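Trainee: I have a model open and would like to learn how to read its features. Could you take me through a few of them?

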Amino acid sequence: MQISLENIAKSFGSDLIFSGVSARIEDRDRIGLVGINGAGKTTLLNIITGGLEPDSGTVTRGSGLSIGYQRQNAGLQKGNTILEEMRSVFADVYALEEQLQKTAEEMSNDPKSAALADRYKELEDAFLARDGYQTQVKIDTVLTGMGFAAHGYEKSIDKLSGGEQTRLAIAKLLLEQPSLLILDEPTNHLDFKTLGWLEEYLASYKGALLVVSHDRYFLDRLCGKIWEMEYGELTVFPGNYTRYIQLRDERNIRQQKLYEAQQAEIAKLQDYVDRNLVRASTTKMAQSRRRMIQRLEAEPAEKPKARMKPPVIHLNEYAGEPVKDVLLAEDLDVAVGEGEKRRTLLAGVELSVARGDKIAIIGGNGTGKSTLLKCLLGKHDLGPGARVTWGRGTRISYYDQGSDHLDGNLTVLDTLWDYYPKSYETPLRNMLGAMGLKGEDVFKRVSQLSGGEKARLKLAVICLAKSNVLILDEPTNHLDLSTKEVLEQALAEFTGTLIMVSHDRYLLDRIPTRIIELEGGQLRQYKGRYTDYLRQAAGKPAPEPAPREEPKKPEQSSYAKGKEQRRADALRRKEYAETEKLVTQLEREVWQLEQQIADPATAADYLLLQDLCAQAEEKRDALSKAEDRWLELSEE
């Protein structure tokens, strides 16, 4: 066990961040922590690492626990070179190596000294215990895998970009090998090659891993548990991200059904009480029903909490279809810079796009992905002799990766009016509301918006355009997980033509029908989605669609299972009706016995009174058991 959290709570002032949080991190756990911004994920990580103390509850740390926590640009010493920073992890190993060399020199001058021989043996054992001879191999492996081989190890950290410093901080943590490794958005600033290496490395990591990430593909490949932080509560789900989504939705549906069934039962019982409480002949039975209501209300079925409402994105509301051949690009040069600084990234590009195609363009930074999109849109120089032809009837919307094209001085509402000057205010505000920009948010200046809010504003512009061709440049950047899911569903349902640039491998594995890779000045095309691209890039053929078979045995098994379920449901309904009838009968018998016991004539006969009291007690026990069973059946 690495960490145990027992019923912990944390508030800042009057704001409750979370309460009742209980969870454990075992030695080889792979945990993904998800939740919207502001849900309390960072606060929870700070409590786990000891940076914050909980207001209540207990945090138990295992013996020998060491924690490595990757924060943005943290843990690096200014002025160090890349190699010096990595060597600092093994400072004790290099100190042992230096002592070994010094002792070896002393032994050469005094070869008969037993004390020196013992000292050398002791130092060598310690050096071997730290796997000292493999130190440089470990450094080379991690630096190469994290993409630093091309930099040169003598490059100063100060000359690295922010993203490169984050990557180096991760590399340093990997070399430190803490028993609990905590990573905060580790996939930012990583290309596909580095991502793949990191996933393979972490899959065989000997310690426990807790990762906060919006990279759903990363969470799918790596995690065996998902911690969901929402509404101040932590829920633990087994499995990867895809499994978590399935279990979460199933839980919500189940809770909703149980809640609705219990509320219906309470209403039914209350109606009986209202109609029969004042009638002398049925007062006892009405009181019994009221006790049932009290018992149900004492243990209410949990009503599923409404999830933070994600945006509503509709892209299919376009008018008119274009011709079959949507786009033809011929002899296209993709270049950057001017004059002597002009550099050609791609030469002689040939590209055809048919109606309904969904194409994803991938590649490393600087390979020309965004520039290619701008060339297709006529926003960039095409080069001599190039032709880009859009088919008749195409209506194009472009989602720019950046936000420089948005006027920071305009309000959110005025930005939409700038795009659609003939629109009325109500439909524009309705669209902004659907994107989560409500109330006073529409009067914020664009410069005041977060990255996620700007992304949703750009999506609002596209939804209103009603285009049949979408060109999207990194559309999932800055979006939280729930918004990514909604956008992914909208793109999957979009029946028009899509060309997008993306690093979101989860999206790439669900939407495109063709992958275009830009690498080394070459454009390569692959049929299928991201997983198919990986197979083909590795030299394996693209998998053929499996023929649809309809095996009889599974169908029969499914039918038999359904038949058994229907039989069980019928038996449960029958038992429910019979138990309800029994409750009513026992209530009547108890009432009759109580009437006899209360009769003055009975009081004169001691033996009869004793017998009636025994019968009444027996009936009450039977009634209590029948009511318990009736409640059980009503909750199933």
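**Reading the pocket, helices and rings**

Mentor: Gladly. The largest pocket is lined by 44 residues, and Thr476, Asn477, His478, Leu479 and Lys484 lie nearest its centre. The elements that give two or more residues to this lining are helix 11 (369-376), helix 14 (451-465) and helix 15 (481-493). Helices (H or I, at least four residues) are DSSP runs numbered from the N terminus. A pocket is an open set of points on a 1 Å grid over the protein atoms alone, where a 1.4 Å probe fits, with protein on both sides within 12 Å along at least five of seven lines; lining residues have an atom within 4 Å of a point.

Mentor: A word on the source: this is a predicted model, in which local features need pLDDT of at least 70 and side-chain atom pairs count only at pLDDT 80 or more, while totals for chains, interfaces and linings use all residues. Residues are numbered from 1 along each chain as its sequence is written, and side-chain values use heavy atoms, with hydrogens and water left out.

Trainee: What volume does the largest pocket have, and how does its lining divide by class?

Mentor: A volume is the space filled by probe spheres set on the grid points, which are joined across faces, edges and corners. For the largest pocket that is about 1200 Å³. Its lining has nine nonpolar, 22 polar and 13 charged residues. Here Ala, Val, Leu, Ile, Met, Phe, Trp, Tyr, Cys and Pro count as nonpolar, Asp, Glu, Lys and Arg as charged, and the others, Gly among them, as polar.

Trainee: Is helix 1 mostly covered or mostly open?

Mentor: Buried means under 20% relative accessible area, exposed over 50%, and partly exposed in between (1.4 Å probe, protein chains only). Helix 1 (residues 41-49) is mostly covered, with seven of its nine residues buried. Among them are Leu44, Leu45, Ile47 and Ile48. Just after this helix, Gly50 takes a positive phi of about 90°.

Trainee: How does the span of helix 6 (residues 162-176) compare with what it should be?

Mentor: The expected span is 1.5 Å times one less than the number of residues. The 15 residues of helix 6 should span 21 Å, and its end C-alpha atoms are 21 Å apart, which agrees. Of these 15 residues, 13 are buried.

Trainee: Which residues form one aromatic cluster?

Mentor: Phe192, Tyr217, Tyr526, Tyr530 and Tyr533 do.

Definitions and conventions. Phe/Tyr/Trp six-rings, centres within 6.5 Å; stacked < 30°, edge-to-face > 60°.
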